[in-house]
Amino acid sequence: MDDPELQGLREEAASRLFSGPVDFLRSAPQLQFLPEPVVPEIAFCGRSNVGKSSLLNALTGRKAIARASVTPGRTQELNFFDVGRPEEEGALPLFRLVDMPGYGFAKAPVKVVEKWKALVNSYLRGRQVLARTLVLVDSRHGLKAVDREMMTMLDKAAASYRIVLTKTDKIKASELAAVAEKTAAEAKQHVAAHPEIHLTSSEKGMGIERLRAAVVADALGEGWMG
């Protein structure tokens, strides 16, 4: 069980970090466009319309650092954001956030889906600096087949991940508790899944501070306090 005082300190440190520089670096439509693997990376993935852009904005304290894609091409790219930058000239960021393209293509052509799978699978398997992936799941629907497919892909890539339930303000507390319990039980069947299920609402700010602290701990270590 977490020490409340220690958890509070971690959340404060994470909040301070994200109140500093958070900058868009680049989009990578193919592996050769990835930035050099020199700092830890935290990746975000989820079905289309799961609220990924809203969560990224809430975590970073920005209004529009991540935008919902309006063009099919952009949805097929990995978008990188630098977090924290020491004052020394030319210094590297402390870590990076990676906005992965949404999955669950109801109407996408087969070639588009296969291109997405190849890019994501190659990134997950070959990215040594990938510290953790966040799998976003709409709390109103729970885990879907495409989420399970993503979790299995992460298991096979030996890429550890956290499950984050989004839009928790949209359902009743009793329903949320049931979804969270069911999700946690299923997560235990996946070797790369972290046991903690995060409950979040980007709109209401629920669970954001705790998840922010978890992201920083995953990237920089449990003991990082700034």
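**Salt bridges, buried charges and a helix pair**

Lys170 is partly exposed, with a relative accessible area of 44%, where buried means under 20% relative accessible area, exposed over 50%, and partly exposed in between (1.4 Å probe, protein chains only). The model is a predicted one, in which local features need pLDDT of at least 70 and side-chain atom pairs count only at pLDDT 80 or more, while totals for chains, interfaces and linings use all residues. Residues are numbered from 1 along each chain as its sequence is written, and side-chain values use heavy atoms, with hydrogens and water left out.

Lys170 forms a salt bridge with Asp169, and the closest N and O atoms of this pair are 3.8 Å apart; a salt bridge here is a side-chain nitrogen of Lys or Arg within 4 Å of a carboxyl oxygen of Asp or Glu. Asp169 is partly exposed as well, at 24% relative accessibility. By this rule the structure has 16 salt bridges.

Another salt bridge joins Asp138 to Lys167, with 4.0 Å between the closest N and O atoms. This pair links distant parts of the chain, since Asp138 is in strand E5 (residues 130-138) and Lys167 in the loop between strand E6 (161-166) and helix H5 (173-187), 29 residues apart; helices (H or I, at least four residues) and strands (E, at least two) are DSSP runs, numbered from the N terminus. Asp138 is buried, with a relative accessible area of 3%, whereas Lys167 is partly exposed at 21%.

Arg162 and Glu196 also form a salt bridge, their closest N and O atoms being 3.7 Å apart. Here too the pair links distant parts of the chain, Arg162 lying in strand E6 and Glu196 in strand E7 (residues 193-199), 34 residues apart. Arg162 counts as buried at 4% relative accessibility, while Glu196, with a relative accessible area of 25%, is partly exposed. Both residues belong to a network of salt bridges that links Arg132, Arg162, Glu196, Arg210 and Asp218.

Which side chain of opposite charge is nearest to Glu11, a buried residue without a salt bridge? It is Arg210, 4.8 Å away, where Lys and Arg count as positive and Asp and Glu as negative, His and the chain ends not being counted. Glu11 lies in helix H1 (residues 4-18), and, leaving aside neighbours within four places in sequence, Glu11 is in contact (heavy atoms within 4.5 Å) with Glu209, Arg210 and Ala213.

Arg212, found in helix H6 (residues 208-220), is likewise buried yet has no salt bridge, and the nearest side chain of opposite charge, Glu209, is 5.1 Å away. With neighbours within four places in sequence left aside, the contacts of Arg212 are Ala14, Ser15, Phe18, Ala58 and Leu59.

Turning to the helix pair, the axes of helix H3 (residues 110-126) and helix H4 (residues 145-157) come within 9 Å and cross at roughly 35 degrees. The contact is made by Trp116, Lys117, Val120, Asn121, Leu124 and Arg125 of H3, together with Glu149, Met150, Met153, Leu154, Lys156 and Ala157 of H4.

Finally, Gly226 is placed in the segment after H6 and, at 82% relative accessibility, counts as exposed. Gly226 and Ala178 are 48 residues apart in sequence, and their C-alpha atoms are 37 Å apart in space.

Notes:
Axes fitted to C-alpha atoms, helices over the stretch in contact; angles between N-to-C directions.
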